[in-house]
Amino acid sequence: MSGRLVLVGTPIGNLGDLSPRAIELLGSCDAIACEDTRRTGRLLQLVGVEKRPLITVNDHTEYDQRGPLLDRVSAGETIVLVSDAGMPGISDPGERLVAAAAERGLPIEVVPGPTAMTSALVLSGLPGARFCFEGFLPRKGKERTERLAAVAGEYRTSVLYEAPHRLVRTLEDLRAACGGTRRVALARELTKMHEEVFRGSLDEALVWGADHEIGEFVVVLEGAEPAADATDEQLVEALKAELAEGRSGRDAVDAVADSFGAARRRVYQLMLSIN
Ligand code: SAM
C-alpha cells in the first residue's frame, strides 16, 4: 500500500488565498512537513483546522528527513509538505524531498497556491510569455558578479527575490550591470494591505527603493535587447559563468544560445575553444 506526498501552496500574505482543497488536505493528512512548526500551527488555527502532527523540514533537516518521511508515504500515509509561505520548492525547501520521492517511485501530487514569483511577473507589465526565475542572487563575491552578468545578458524577463534590507544594494548592482535605463518593476508586500508596484527605470527604482526598503519584494527586470550581434567574448564569458554554476557543457550551450538569441552551432564552437 502506498500513500502520497502532497505539495501544498500557502498564502504569501492574505489568508483568503488558501484554497478549499488545501484546507481539506491540511485537515485530513497524516502529518505536515513544514519549515516552522509554530508558523504552520498558527495557520491551521487561523483556518480552523484540527492540529495535525507537524515535522520540521527546513534547509538543515530536509536531507535527513527524506528517509523517515518517505518511509511513511510507502507505508500508506498522506504527508503534506508546506513552506512558511507560497509554494514549497520555490526558494524554499522541498526540491530534495520531491527528488527522493520520485526516485523511489512514490506518488507525488500538488495543490497549487500563491507564489510571489508569478504574482509579481503578471503585475509588472513586462513581457511574461518567456521568463527566467533567478530566485535570490548569491550574496557576494565572484558567484554574485557572474550571476549579475548572466542576468544582465538575459533577453527574457528575469524575476528575482530579495530580502528587504538588501533591496537597494541589489538595485545598485543591477544598474551597474544593466545600465540605468533598463526597465524594472518592484512588487512590494503582494496580497497584503500595503501592496504596491513600482514600475520605471533602474535609475528611478533606486530613488524609490531608498524610501521603501520595508516589507517583502520581488524584482522583475526587463530582458536585454536580443543580442544577435553578441561578440564571441561575451558569449565565452556567459559560457564560463554557466559552467561555474555547475551546468554541463551541453546545458551551458543551450542556456547561452537561448539567452543571447545566438545560433547554437556558433555557441557550441565557442564552447570547444574553452575546453
Ligand atoms: N516560496 C515562496 C514563493 O512561492 O513565493 C518564496 C519564499 S522566499 C524564502 C521569500 C521571498 O519571496 C521574499 O524575500 C520575497 O522576495 C518574496 N516574497 C514572498 N512573499 C512576498 C510578498 N507577499 N510580496 C513580495 N514578495 C514576496
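This is a predicted model: local features need pLDDT of at least 70, side-chain atom pairs count only at pLDDT 80 or more; totals for chains, interfaces and linings use all residues.
Buried here means under 20% relative accessible area, exposed over 50% and partly exposed in between, with a 1.4 Å probe and protein chains only. Helices (H or I, at least four residues) and strands (E, at least two) are DSSP runs, numbered from the N terminus. Leaving aside its neighbours within four places in sequence, Leu174 is in contact (heavy atoms within 4.5 Å) with Leu148, Val151, Gly179, Leu202, Val219 and Leu221.

Local features need pLDDT of at least 70 and side-chain atom pairs count only at pLDDT 80 or more, whereas totals for chains, interfaces and linings use all residues.

The chain has 11 helices and 10 strands, and its C-alpha atoms fill a box of roughly 60 × 45 × 30 Å, taken along the principal axes. Of its 275 residues, 46% count as buried. Among contacts between residues at least 6 apart in sequence, 70% join residues at least 24 apart.

An open sheet is formed by 5 strands in the order β6-β7-β10-β8-β9, with mixed pairing; two strands are taken to pair if DSSP finds at least two bridges between them. Its edge strands are β6 (131–136) and β9 (196–201), each of which pairs on one side only. Neighbouring strands of this sheet are turned by 15° against each other on average, direction ignored, where axes are lines fitted to C-alpha atoms, for helices over the stretch in contact, and angles run from 0 to 180 degrees between N-to-C directions. Helix α7 (residues 167–178) packs on the sheet, touching β7 (157–162), β8 and β10 (217–221), and its direction makes about 10° with that of β10. Strand β8 (residues 183–188) pairs with β9 in the antiparallel sense over 6 bridges, and the bridge partner of Ala187 in β9 is Val197.

In the loop between β7 and α7 lies Arg166, which counts as buried because its relative accessibility is 10%. Not counting residues up to four places away in sequence, Arg166 touches Arg139, Arg144 and Glu213. A polar atom of the Arg166 side chain lies 3.2 Å from the backbone oxygen of Arg139.

Strand β2 (31–34) is joined by 3 bridges to β3, in parallel, and by 3 bridges to strand β4 (residues 78–81), also in parallel.

Val57 is found in the loop between β3 (54–56) and α3 (62–74), and it counts as buried because its relative accessibility is 2%. Leaving aside neighbours within four places in sequence, Val57 is in contact with Ala33, Cys34, Glu35, Glu62, Gln65, Leu69, Leu81 and Pro93. The C-alpha atoms of Val57 and Thr37, 20 residues apart along the chain, are separated by 9.2 Å.

In helix α2 (residues 37–46), Thr40, Gly41, Leu43 and Leu44 are buried. These residues are on the same side of α2 because they cover an arc of only 160° around the axis, the arc being that of the directions from the helix axis to the C-beta atoms. What covers the buried residues of α2 includes α1 (20–28), β2 and β3, whereas the face turned away from the buried side carries the exposed residues Arg38, Gln45 and Leu46. The N-terminal end of α2 is capped by Asp36, a side-chain oxygen of which lies 2.9 Å from the backbone nitrogen of Arg38. Just after α2, Gly48 takes a positive phi of about 75°.

Terms used:
Residues are numbered from 1 along each chain as its sequence is written. Side-chain values use heavy atoms; hydrogens and water are left out. A polar contact is a pair of N or O atoms within 3.5 Å; within protein, one must be able to donate a hydrogen and the other to accept it, and residues adjacent in sequence count only if both atoms are side-chain atoms.
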